[in-house]
Amino acid sequence: MNQPPQAMYSVPQYVDQAGYPIQPPPGNMAGGFSQHQAYCTAPAVGMSVPSMRAVRVQRFGGPEVLQVDLNVPVPEVGEEQVMVRVVVAGINPVETYIREGQYSRLPELPYTPGTDAAGFVHQIGRRVTNIKVGDRVFVSGNSSFSNNSGSYAQFVVTDSTYVFPLHPRLTFAQGASLGVPFFTAYKALILRAKTKPGETVLVHGASGAVGTAAVQIARALGASVVGTAGTKDGMDVVTRCGAHHVFNHNHKSYEKKMVDHIGCFDVIIEHLANINLGHDVQMLKPQARVMVVGCRGGVNINPRHLMMPEASICGVALGTTSPAEWAEMGAAIVAGIESGWVNPVINKEYAMEEAQQVHYDIIHSKGAKGKLVLRVAADE
Ligand code: NAP
């Protein structure tokens, strides 16, 4: 790992395990000032960092525009913000759409991609009360469109709303897999579909990051859970996540087999609507809800199939979640970690220098087995 950068202030070098400067312990003198003098007027608690190693995008385009830069400025921490020293960053498909410039909201160039991470709190704004410097945390989103501070970096600065304690039961790689996948799955199943215990849920595309999360949440809720995957290994992952039945979405007529074996569904979490929606609407129980989470193109469906069951098709967008909903989902997921039913599945770790490769793989590789993550620093 690169050497930590020099601190901006000439106060004593109290450092964390990786050598980055942190807040001095209580009762010590700070560069000739008392601790009180040094910090009560400061905008934030903990030490600033002037620059860092980060993946940068200078122009929108293919994976080749992802370049590691050794001298990226670290944004200042606002009053209600937190700076996290990243150990592992999570990779999500949406970050490839943004990198290509093919997304409804785009950051100003240059920017650092990524919203999800796990690591240690390095600095907090003076109004932050839920987290303290040194805490082990996961980051489930960011305000990158305002400060361009993404998680593919040694440090990420984000609003405290998005930062939650990381239970010691989970690794940093698992912590980096909670943000987009678990919050999206929770939003689709609980906030949008209002899934109830005893209902039958199909997670269509259950082997990926959101799918494995959806299976775990639906199972913990008490639903009857059916998942699909495209390979034997993926099907095994879905079974281990708690699905009662697993089918291969690459097998001919698997939809008919599902309905023959299980019957129709109350809720469908759809990860590839452009391929599946036309079949989904033919597998619905009365008042069923189809949640469109993933879609990569247009599709023809016969809306008549919705009429008799009085079923509905709903879009799901994590990006339009309110702060209150975010807090609610965070509380549920933290509780799920504590009680044991939240268990992110890691498929593969990549080094920061392999950012181009992981962006290629997350779109093109077949046979998902959980989550792809970017290793930024060693675990301690
Ligand atoms: P991922 O880890 O790459 O998983 C992709 C999933 O799609 C895998 O389970 C894959 O299964 C499955 N799949 C492939 N072919 C399929 C088919 N014919 N039918 C059903 N499923 C199929 O991606 P992710 O992070 O879970 O995200 C999944 C999708 O949701 C992406 O399109 C992403 O952009 C979207 N998403 C949307 C939101 C939102 O706010 N709406 C949030 C997060 C993600 P196999 O590889 O086993 O074939």
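This is a chat about the predicted model shown above.

Me: Before we dig in, what kind of model is this, and how are residues numbered?
Reply: Residue numbers start from 1 along each chain, as its sequence is written. The model is predicted, so local features need pLDDT of at least 70 and side-chain atom pairs count only at pLDDT 80 or more, while totals for chains, interfaces and linings use all residues.

Me: Thanks! How many helices and strands are in the chain?
Reply: The chain has 11 helices and 18 strands. Helices (H or I, at least four residues) and strands (E, at least two) are DSSP runs, numbered from the N terminus.

Me: And what share of the chain is buried?
Reply: Of the 380 residues, 48% are buried. Buried means 20 or more other C-beta atoms within 10 Å of the residue's own; exposed means 12 or fewer, partly exposed is in between, and the C-beta atoms are placed from the backbone.

Me: Which residues have the most contacts inside the largest nonpolar core?
Reply: Val84, Val88 and Ala214 do, in a core of 105 residues. A nonpolar core here is a set of buried Ala, Val, Leu, Ile, Met, Phe, Trp, Tyr and Cys residues joined through C-beta atoms within 7 Å.

Me: Where does that core lie?
Reply: The core lies between domain 1 (6-178 + 344-375) and domain 2 (180-319), because both give residues to it. The domain bounds come from an automatic or database domain assignment.

Me: What does Ala214 touch?
Reply: Leaving out residues up to four places away in sequence, Ala214 touches Ala185, Ala188, Leu189, Val203, Ala206 and Ile269. Contact means that the two C-beta atoms, placed from the backbone, lie within 7 Å.

Me: Switching to the ligand: which residues are closest?
Reply: Gly205, Gly208, Gly230, Gly294 and Ala368 are the closest of the 33 residues that surround the ligand. A residue is counted as near if its C-beta atom, placed from the backbone, lies within 6 Å of the molecule. The elements giving two or more residues to this shell are α2 (93-99), α5 (179-192), α6 (209-221), β12 (224-229) and α9 (273-280).

Me: How many nonpolar, polar and charged residues are in that shell?
Reply: There are 16 nonpolar, 16 polar and 1 charged. Ala, Val, Leu, Ile, Met, Phe, Trp, Tyr, Cys and Pro count as nonpolar, Asp, Glu, Lys and Arg as charged, and the others, Gly among them, as polar. Domain 1 and domain 2 both contribute to the shell, so the shell lies between them.

Me: You mentioned α9. Which of its residues are buried?
Reply: Ala273, Asn276, Leu277 and Asp280 are. They are on the same side of α9, because they cover an arc of only 120 degrees around the axis. That arc is taken from the directions from the helix axis to the C-beta atoms. Their cover includes β11 (200-204), β14 (265-270) and β15 (284-292).

Me: What about α7, which residues are buried there?
Reply: In α7 (residues 232-240), Gly234, Met235, Val237 and Val238 are buried. Their arc is only 155 degrees, so these residues also share a side of α7. They pack against α6, β12 and β13 (245-248). After α7 comes Gly242, with a positive phi near 120 degrees.

Me: Which residues other than glycine have positive phi?
Reply: Ser253 is one of them, with phi near 55 degrees, and Glu310 is another, near 45 degrees. Ser253 sits in the loop between β13 and α8 (254-262), and Glu310 in the loop between β15 and β16 (312-315). Ser253 counts as exposed because 8 other C-beta atoms lie within 10 Å; Glu310 is exposed too, with 10.

Me: Where is Tyr162, and is it buried or exposed?
Reply: Tyr162 is in the loop between β9 (155-159) and β10 (163-165). It is buried, with 25 other C-beta atoms within 10 Å. Tyr162 touches Val139, Ser140, Gly141 and Asn142, again not counting residues up to four places away in sequence. Ser140 is 22 residues away in sequence, yet the C-alpha atoms are 5.2 Å apart.

Me: Last one: which residues does the cis peptide bond join?
Reply: Leu109 and Pro110, with omega about -10 degrees. Pro110 lies in the loop between α2 and β7 (116-125).
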